Amino acid sequence: MAKTIQAIRGMNDCLPTETPVWQWVESKVRSTLASYGYSEIRMPIVENTPLFARAIGEVTDVVSKEMFTFNDRDNESLTLRPEGTAGCVRAGIEHGLLYNQEQRLWYMGPMFRYERPQKGRYRQFHQAGVEVFGIANAEIDAELIILTARLWKELGIEQHVTLQLNSIGSLEARANYRSALVEFLQQYVGLMNEEEKERLLKNPLRILDTKNEALQQALNNAPKLLDYLDDDSREHFARLCAILDNVGISYEINPKLVRGLDYYNKTVFEWVTTALGAQGTICGGGRYDGLVEQLGGHATCGVGFAMGLERLILLVQEVNKAIPLPQSAVDIYLIFAGENTASAAFRLAEKVRSELPHLRTMMHCSGGNFKKQFKRADKSGAKIALVIGESEVQNQQVVVKDLLGGAEQQTVALEAVIDHLKTSFKE
Ligand code: HAM
């Protein structure tokens with residue numbers, strides 16, 4: 001036998017046993033976003049590498065270590081998208097969707113990061129993301145958070161997630177804070193590993209979310225970003241907190257929350273859970289008012305978030321045992337045997353699908369006697385078997401057998417079979 005080829009590490013198949021829960025979660029995401037009036041946008045999975053370097057930032061982990069980058073046949077550097085915001089902004093500028101307009105957009109699809117795979121962290125993963133353009137007020141930041149809170153309720157996970165909130169202010173406020181933080185951290189260089197020392201030089205704010213416990217301890221006395229905020233950011237944050245208080249969404253202000261991507265300003269937030277171990281952030285986002293201009297568009301403010309679908313699904317499976325998933329893929333199994341029965345069977349199957357499109361009809365295609373076919377019908381999980389033999393074709397009839405209820409099989413006239421099925425599937 002030839003040697004088998006395996007999937008790439010960190011890139012998972014989603015098997016037929018798993019797709020129902022994915023479809024259920026995806027449909028909840030779609031319907032929730034639709035109920036807020038958001039529109040779907042679909043971007044390519046591959047973009048020019050400089051888009052991500054410019055948008056996300058050269059010194060971020062995502063750009064410096066985690067991108068799947070390759071040269072195409074024309075020696076252009078291309079990258080599999082590690083996230084959706086950069087591509088969404090690129091598309092918005094390219095198609096004139098942003099200038100002087102308000103847009104509420106969402107997307108769903110695969111993203112790629114070369115990270116060390118573990119539970120909840122993969123090299124191909126899926127995000128559902130939202131990007132809103134052209135609205136500067138804190139009301140829209142609040143809407144995004146309210147929307148996610150509604151989705152958690154829909155998914156039955158609301159008791160298992162908490163909201164962390166921070167404001168990282170304007171670029172200028174952050175630069176002031178950065179100097180103060182670097183000065184403060186000088187005394188703790190001895191506690192730092194090589195990576196943290198490098199961060200101290202290149203991206204010191206990222207030291208705030210270090211996993212190094214001794215350093216975390218020291219950081220409790222570090223200057224707080226919130227104390228360095230510019231007035232505009234401070235007012236924006238106060239307004240957001242007031243709205244969340246009023247609508248009853250609880251949050252924890254986490255002064256160490258800075259996020260791993262460089263484009264943010266003002267609001268940043270994450271929804272986290274303790275139910276999944278180390279990879280507990282199921283959703284993260286914030287405001288990025290400078291990004292559109294930075295990528296060559298007219299200055300347009302933006303705010304958004306993305307959630308990791310794998311993590312959401314792990315959490316749903318962990319805590320919501322009552323997901324209404326279909327138990328089988330089939331409602332009706334159609335079997336036939338004997339001369340000239342195949343064409344009658346095909347006609348009947350198509351008629352059922354046309355007239356009862358909500359029912360799932362599977363036709364037996366692999367031959368064999370009725371006994372073998374009934375075994376397949378039972379295994380399919382279908383409620384009803386329709387049976388066509390030579391005498392049924394001759395008499396324009398169908399045999400209907402209840403596979404689950406154990407009732408006697410009935411012979412029904414062909415023209416009455418649709419009504420018969422309607423009654424069978426009523427309850
Ligand atoms: P992010 O925090 O990098 O933000 O990713 C958002 C979410 O994607 C994370 O909270 C996590 O649930 C999921 N995620 C990230 N990396 C992985 C991975 N390797 N495996 C599994 N899940 C993962 C962004 O991507 C921003 N574009 C969000 C945003 C949109 N901000 C504004 N607009």
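In this briefing, a residue is buried when its relative accessible area is under 20%, exposed when that area is over 50%, and partly exposed in between, using a 1.4 Å probe and protein chains only. With that in hand, Ile 384, Leu 386 and Ile 388 point one way from strand 14, Ala 385 and Val 387 point the other way, and all are buried. Please keep in mind that this is a predicted model, in which local features need pLDDT of at least 70 and side-chain atom pairs count only at pLDDT 80 or more, while totals for chains, interfaces and linings use all residues. Residues are numbered from 1 along each chain as its sequence is written, and side-chain values use heavy atoms, with hydrogens and water left out.

**Overall layout**

- The chain is divided into domain 1 (19-169 + 229-319) and domain 2 (332-424), with bounds that come from an automatic or database domain assignment.
- Taken over C-alpha atoms, the centres of domain 1 and domain 2 are separated by 49 Å.
- Helices (H or I, at least four residues) and strands (E, at least two) are DSSP runs, numbered from the N terminus.

- Eight strands make up an open sheet with mixed pairing, in the order 1-5-6-11-10-9-7-8; two strands count as paired if DSSP finds at least two bridges between them.
- At the edges of this sheet are strand 1 (39-40) and strand 8 (252-253), each of which pairs on one side only.
- Strand 7 (residues 162-167) runs parallel to strand 8 and is joined to it by two bridges, with Leu 165 standing opposite Ile 253 in strand 8.

**Strand 11 and Met 307**

- Seven of the seven residues of strand 11 are buried, so the strand is largely enclosed by the rest of the structure.
- Strand 11 is covered on both faces: Gly 302, Gly 304, Ala 306 and Gly 308 are buried on one side, and Val 303, Phe 305 and Met 307 are buried on the other.
- On the strand 6 side, seven bridges make an antiparallel pairing with strand 11, and the bridge partner of Val 132 is Val 303.
- Strand 10 (residues 281-287) also runs antiparallel to strand 11, through five bridges, and Cys 283 stands opposite Met 307 there.
- Met 307 has a relative accessible area of 2% and is buried.
- Among the residues that Met 307 touches are Val 29, His 126, Leu 151, Trp 152, Ile 282 and Leu 312, leaving aside residues up to four places away in sequence; contact means heavy atoms within 4.5 Å.
- The C-alpha atoms of Met 307 and Thr 281 are separated by 8.4 Å, although the two residues are 26 residues apart along the chain.

- Helix 1 (residues 19-35) lies across strand 5 (103-112), strand 6 (124-133) and strand 11 (302-308), and runs at about 160° to strand 5.
- Such angles run from 0 to 180 degrees between N-to-C directions, with axes fitted as lines to C-alpha atoms, for helices over the stretch in contact.
- Helix 1 packs against helix 11 (residues 309-319) at an angle of about 105°, and their axes are 10 Å apart.
- That angle makes helix 1 roughly perpendicular to helix 11; the scheme counts angles under 35 degrees as roughly parallel, over 145 as roughly antiparallel, 65 to 115 as roughly perpendicular and the rest as oblique.
- Val 21, Trp 22, Trp 24 and Val 25 of helix 1 meet Leu 309, Glu 310, Leu 312, Ile 313, Val 316 and Gln 317 of helix 11.
- By class, this contact has eight nonpolar, one polar and one charged residues, where Ala, Val, Leu, Ile, Met, Phe, Trp, Tyr, Cys and Pro count as nonpolar, Asp, Glu, Lys and Arg as charged, and the others, Gly among them, as polar.

- Five strands form an open sheet of mixed pairing in the order 13-12-14-15-16.
- Strand 13 (361-363) and strand 16 (410-413) stand at its edges with a single partner strand each, so one side of each has no neighbour in the sheet.
- On average, neighbouring strands of this sheet are turned by 30° against each other, direction ignored.
- Strand 14 is mostly covered, with five of its five residues buried.
- Strand 12 (residues 332-336) pairs with strand 14 (residues 384-388) in the parallel sense over five bridges; Ile 335 has Val 387 as its bridge partner, and Tyr 333 stands opposite Ala 385.
- Strand 14 is joined to strand 15 (residues 397-402) by four bridges in an antiparallel run, where Ala 385 stands opposite Lys 401.
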